[in-house]
Amino acid sequence: MITLPELPYAKDALSPVIGAATLEFHHGKHHKAYVDNLNKLIAGTELADADLETIIKKVAGDPARAGIFNNAAQVWNHSFYWQCLKAGGGGAPTGAVAAKIAAAWESYEKFAEELKNAGVTQFGSGWAWLVVDGGQLKITKTANADTPIAHGVKPLLTIDVWEHAYYLDYQNRRPDYLSAVIANLINWDFVSANLG
Ligand code: MN
């Protein structure tokens, strides 16, 4: 049995970058639906009492269990995404994360441009990510529900680029949503904690 985590802030906390109506639907309807669907799919199976990461890793790549994978990965991705955001966040980080970004991209500006570009160029639904892959910081993107943890890659940060993440606030302007999130909402404390 997987439970829907509470949002780590009030529904209007990220306004106007992400409005309260978006969070109401995105957390209360979309994220909740993934949790409910997953629990129906795993009920009475050997996965019924497993934790989310175990479920994702066990069913990844199994076409017969794609429904379980998609819902489990979407639960995980959304729980992670909420923590990647905070009011008054964004802009350039400090400390160890800043040094690693400078080493990998030369400047925060180049990093921010590549992160935005990953989200803009994800065709259709998906996610933009900052990950640690083979000891290196990298920017990646995944389609639909796919998640780095299914591929042995450690996520540090994600931005949801499904239309439901931005359509109420930005309509079709995904680039504007990405720019605003990167400039104003990235929770660098959470990213630092993930970096360890
Ligand atoms: Mn979403």
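## Fold, salt bridges and local backbone features

The protein has eight helices and three strands, where helices (H or I, at least four residues) and strands (E, at least two) are DSSP runs numbered from the N terminus. Read from the N terminus, the order of these elements is α-α-α-α-α-β-β-β-α-α-α. The radius of gyration of the protein is 16 Å, close to the 16 Å that the globule rule gives for 196 residues, so the protein is as compact as a globular protein of that length; here the radius is taken over C-alpha atoms, and the globule rule is 2.2 Å times the number of residues to the power 0.38.

This is a predicted model, in which local features need pLDDT of at least 70 and side-chain atom pairs count only at pLDDT 80 or more, while totals for chains, interfaces and linings use all residues. Residues are numbered from 1 along each chain as its sequence is written, and side-chain values use heavy atoms, with hydrogens and water left out.

Along the principal axes, the C-alpha atoms occupy a box of roughly 50 × 40 × 30 Å. Of the 196 residues, 49% count as buried, the classes being buried under 20% relative accessible area, exposed over 50% and partly exposed in between, with a 1.4 Å probe and protein chains only. Taking a contact as heavy atoms within 4.5 Å, one finds that 67% of the contacts between residues at least 6 apart in sequence join residues at least 24 apart. The protein exposes about 9,100 Å², of which carbon and sulfur atoms supply 53%; accessible areas come from the Shrake-Rupley method with a 1.4 Å probe, and for residues only the protein chains shown count as cover.

Turning to charge, the protein carries 16 positive and 20 negative side chains, and the centres of the two sets lie 1 Å apart. In this count Lys and Arg are positive and Asp and Glu negative, whereas His and the chain ends are not counted; the place of a charge is taken as NZ of Lys, CZ of Arg, CG of Asp or CD of Glu. If a salt bridge is defined as a side-chain nitrogen of Lys or Arg within 4 Å of a carboxyl oxygen of Asp or Glu, the count comes to eight salt bridges.

One of these salt bridges joins the side chains of Glu53 and Lys57, at 3.4 Å from N to O. Because Glu53 and Lys57 are four residues apart in helix α2 (residues 52–59), they are separated by about one helical turn; Glu53 is partly exposed, with a relative accessible area of 34%. Another salt bridge, between the side chains of Asp189 and Lys86, has an N to O distance of 3.5 Å. Asp189 lies in helix α8 (residues 188–195) and Lys86 in the loop between α3 (66–83) and α4 (95–105), so this pair ties together parts that are 103 residues apart in sequence. Asp189 is exposed, at a relative accessible area of 54%, whereas Lys86 is partly exposed, at 29%.

The side chains of Asp176 and Arg173 also meet in a salt bridge, at 3.2 Å from N to O, and here Asp176 is partly exposed with a relative accessible area of 37%, while Arg173 is partly exposed at 35%.

Among the strands, β2 (residues 136–143) contains Thr140, a partly exposed residue with a relative accessible area of 29%. Leaving aside residues up to four places away in sequence, Thr140 touches Ala118, Trp127, Ala128, Trp129 and Val131. Thr140 and Asn117 are 23 residues apart along the chain, and their C-alpha atoms are separated by 10.0 Å.

Some backbone details remain. The peptide bond from Ser15 to Pro16 is cis, with omega near 5 degrees, and Pro16 is placed in the segment before α1 (20–42). Glu106, in the loop between α4 and α5 (108–121), has phi near 75 degrees, a positive value in a residue other than glycine; Glu106 is exposed, with a relative accessible area of 61%. Asn144, which is not a glycine either, has a positive phi of about 55 degrees. The place of Asn144 is in the loop between β2 and β3 (154–160), and with a relative accessible area of 43% Asn144 is partly exposed.
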